[in-house]
Amino acid sequence: MITDQELDILINELYESYGYDFSGYSKASFKRRVDRLYQLDGFTNFQSFLSKIIDDSDYFSRMVEEITVNITEMFRDPHFYRILRTEILPVLATKPFIRIWHAGCSTGEEVYSVAILLKEANLLEKALLYATDISPPVLEVARKGVFPLRMMKQYSENYMASGGKKDFSHYYTANYGLAKFGEDLSSRMVFSQHNLVSDRSFNEFDLILCRNVLIYFDKELQERALHLFDDSLAKLGYLALGTKETIKFTSMQKRYKQLEKEKIWRKTH
Ligand SMILES: C[S@@+](CC[C@H](N)C(=O)[O-])C[C@H]1O[C@@H](n2cnc3c(N)ncnc32)[C@H](O)[C@@H]1O
């Protein structure tokens, strides 16, 4: 286990060497993840752990992947997707072009889920889905659109609970334990690396999804990310957060109106 002081040294070195600033991540869970990696890779002293991270950029990449939580699934919280289907997409349908940003997209399951909703609403052709994450390895997986076949039973159930009516297997080709999603879906997606701690707004969006990411940030960093989303949202655009996240008690609250039932806010001015 590393000490709190060593954790501070590590955070500082990561910033100095790689420009990644983890000082705004919630300390307790961040430390747990670093400790886990330290033990998993069999380190016995902090100095050798630190040297490995600083001297070996591949190991640094592995570290980023391990200390950020990448858990995700298709149609996660099906009711959220039902509300997207029934209340948000009909509004977006009136626009000539639809821009969506998935911030913290992990391995892409959320992006493919939204692309399926758009396709079923006949909106995919006029939509672009920008999907970003801090971690290059998860973006590589997302780009391929290939997920474990064993997950499809649960994803199919989630899809149906979200109001999906098709046979879910219609969307992928099964091969050697893998499910490859169609290129009609991925052709409307743009994947790129983007760090919510330090990078800027890069477009204007009608809908931003940042689900289950802010939960790992402290209050100050959450405010920074929310300002970034505010700068990146068109007037009357929507912001969707995870079930345990909120803009309540932040400076954004007065400029947004929450939809009933779900963690979705609309920018009012
Ligand atoms: C738990 S996953 C959420 C995936 C998906 N949005 C969902 O709800 O299923 C959190 C993702 O946030 C990413 N992340 C963590 N810190 C980030 C940052 N500073 N900038 C961008 N993405 C970040 C992680 O790499 C991880 O893929």
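About 960 Å² is buried between domain 1 and domain 2, and carbon and sulfur atoms give 54% of that area. Of the area that domain 1 buries against domain 2, 44% is supplied by Tyr20, Gly24 and Tyr25, more than by any other three residues. The model is predicted.

**Domains**

- The domain assignment of the chain places domain 1 at residues 4-68 and domain 2 at residues 78-267.
- The centres of the two domains, taken over C-alpha atoms, are separated by 29 Å.
- Where the domains touch, 12 residues of domain 1 are in contact with 11 residues of domain 2.

**Helices α1 and α3**

- Two packed helices are described by the angle between their axes and the distance between the axes.
- Helix α1 spans residues 4-18 and helix α3 spans residues 46-55; their axes come within 10 Å and cross at roughly 15°.
- Because angles under 35 degrees count as roughly parallel, α1 is roughly parallel to α3.
- The crossing of this pair is right-handed.
- On the α1 side the contact is made by Glu6, Ile9, Leu10, Glu13, Leu14, Ser17 and Tyr18, and on the α3 side by Phe46, Phe49, Leu50, Ile53 and Ile54.
- By class, the residues of the contact of α1 with α3 are 9 nonpolar, 1 polar and 2 charged.

**Helices α2 and α4**

- Helix α2, residues 27-40, packs with helix α4, residues 57-67, at an angle of about 130°, and their axes are 9 Å apart.
- That angle makes α2 oblique to α4.
- The crossing of α2 and α4 is right-handed.
- From α2, the residues Phe30, Arg33, Val34, Arg36, Leu37 and Leu40 meet Tyr59, Arg62, Met63, Glu66 and Ile67 of α4.
- The contact of α2 with α4 has 7 nonpolar and 4 charged residues, with no polar residues.

**Helices α1 and α2**

- The axes of α1 and α2 come within 11 Å, crossing at roughly 85°.
- Since angles of 65 to 115 degrees count as roughly perpendicular, α1 is roughly perpendicular to α2.
- Asp4, Leu7, Asp8, Leu10 and Ile11 of α1 meet Lys27, Phe30, Lys31 and Val34 of α2.
- This contact of α1 with α2 divides into 5 nonpolar and 4 charged residues, and no polar ones.

**Residues in two contacts**

- Leu10 of α1 meets residues of α3 and also takes part in the contact with α2.
- Phe30 and Val34 of α2 are among the residues that meet α4, and both also take part in the contact with α1.

How values were computed
Residues are numbered from 1 along each chain as its sequence is written. This is a predicted model: local features need pLDDT of at least 70, side-chain atom pairs count only at pLDDT 80 or more; totals for chains, interfaces and linings use all residues. Side-chain values use heavy atoms; hydrogens and water are left out. Axes are lines fitted to C-alpha atoms, for helices over the stretch in contact, and angles run from 0 to 180 degrees between N-to-C directions. Helices (H or I, at least four residues) and strands (E, at least two) are DSSP runs, numbered from the N terminus. Angles under 35 degrees count as roughly parallel, over 145 as roughly antiparallel, 65 to 115 as roughly perpendicular and the rest as oblique. A crossing is left-handed if the near helix is turned anticlockwise from the far one by less than a right angle, and right-handed if clockwise. Contact means heavy atoms within 4.5 Å. Ala, Val, Leu, Ile, Met, Phe, Trp, Tyr, Cys and Pro count as nonpolar, Asp, Glu, Lys and Arg as charged, and the others, Gly among them, as polar. Domain bounds come from an automatic or database domain assignment. Buried area is the accessible area (1.4 Å probe) that two parts lose on being put together, summed over both.
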